[in-house]
Amino acid sequence: PVYTSATEGQGVQGLLHGTRERRTGGCACFERERRMGEVTVEFKSDLPEEQHELVVRRVQVVPNFPKSGLVFKDLSHVIGDPKSFRYVIDLFVNRYRDMGITAVAGIESRGFIFASPVALGLKLPFVPFRKPGKLPCESVGIDINLEVKRAGASSSSFGKDRLETHEGGINQGDKILIMDDMLGSGATLKGACELCEKFGAVPVECAVITELRGMKGRKMLEGYSVYVLLQEHDKKQ
């Protein structure tokens with residue numbers, strides 16, 4: 001099934017543009033001017049039709065965020081609705097139940113929201129992949145080179161990041177499901193795969209809810225299996 005999630009004009013919050021300073025009682029307050037976007041995104045998924053429709057209606061589509069040319073899918077109302085959240089988690093649990101997964105890794109921070117209940121549903125260990133300096137005990141990490149090219153841009157921006165996890169959290173031969181909320185550039189998920197391999201473990205699949213297609217993250221993850229629950233539907237197909 002294919003259903004549409006849209007901006008505020010169709011019942012879902014649109015893009016917030018700009019700020020205006022307003023002073024009240026000597027204090028600086030800020031009002032955000034709300035501008036209705038005109039972006040409509042259609043999704044397809046493996047969810048049963050009724051569940052799919054409910055989940056998609058909870059997705060907020062925000063054009064030109066976090067950068068111009070991108071269409072962000074905010075999942076706040078998906079996880080804020082117990083029924084929608086349960087449908088999403090149950091689908092992942094059922095998908096991976098018989099795939100021989102031995103642990104579920106979640107990427108800080110929003111990946112924790114989905115990876116933790118999936119691990120619980122699978123009765124498997126949850127392994128947090130954290131940003132540097134967050135773990136108190138001995139840890140193993142990997143540096144990530146970030147290269148982000150915006151849709152339509154002629155040049156890329158570069159940066160560095162790092163993922164770490166506790167020593168002993170993953171064992172050689174483990175089969176790891178890696179989870180995050182969204183696929184962007186793919187650099188962080190690729191780093192998570194490489195961190196698993198550093199332990200001698202196998203990254204079985206990278207699972208996310210949505211993706212920013214304009215950032216071409218799937219190309220970064222070539223050679224690794226990627227599963228996107230809510231895939232954008234191409235109307236030309």
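Is Glu205 buried or exposed? In this predicted model, where local features need pLDDT of at least 70, side-chain atom pairs count only at pLDDT 80 or more, and totals for chains, interfaces and linings use all residues, Glu205 is buried, with a relative accessible area of 5%. Residues are numbered from 1 along each chain as its sequence is written, and side-chain values use heavy atoms, with hydrogens and water left out. Buried here means under 20% relative accessible area, exposed means over 50%, and partly exposed lies in between (1.4 Å probe, protein chains only).

The partner of Glu205 is Arg95, and the closest N and O atoms of this salt bridge are 3.0 Å apart. Arg95 belongs to helix 3 (residues 82-96) and Glu205 to strand 13 (residues 202-208), so the pair ties together parts that are 110 residues apart in sequence. Helices (H or I, at least four residues) and strands (E, at least two) are DSSP runs, numbered from the N terminus.

Across the whole structure, the search finds 13 salt bridges, each being a side-chain nitrogen of Lys or Arg within 4 Å of a carboxyl oxygen of Asp or Glu. Another of these pairs Asp143 with Arg162, with 2.9 Å between the closest N and O atoms. Asp143 sits in strand 9 (residues 139-148) and Arg162 in strand 10 (residues 157-166), so this contact ties together parts that are 19 residues apart in sequence. Asp143 is exposed at 54% relative accessibility, while Arg162 is partly exposed at 25%. Arg162 also forms a salt bridge with Glu164, where the closest N and O atoms are 2.8 Å apart. Glu164 is buried, at 11% relative accessibility. Elsewhere, shared partners join Lys73, Arg213 and Glu232 into one salt-bridge network.

Attention now turns to the open space. The largest pocket holds about 560 Å³, a volume being the space filled by probe spheres set on grid points joined across faces, edges and corners. A pocket is an open set of points on a 1 Å grid over the protein atoms alone, where a 1.4 Å probe fits, with protein on both sides within 12 Å along at least five of seven lines; lining residues have an atom within 4 Å of a point. The lining of the largest pocket has 25 residues, and Arg110, Met182, Gly184, Ser185 and Thr188 lie nearest its centre. Helix 5 (187-198) is among the elements that each supply at least two residues of this lining, and its three residues are the largest share.
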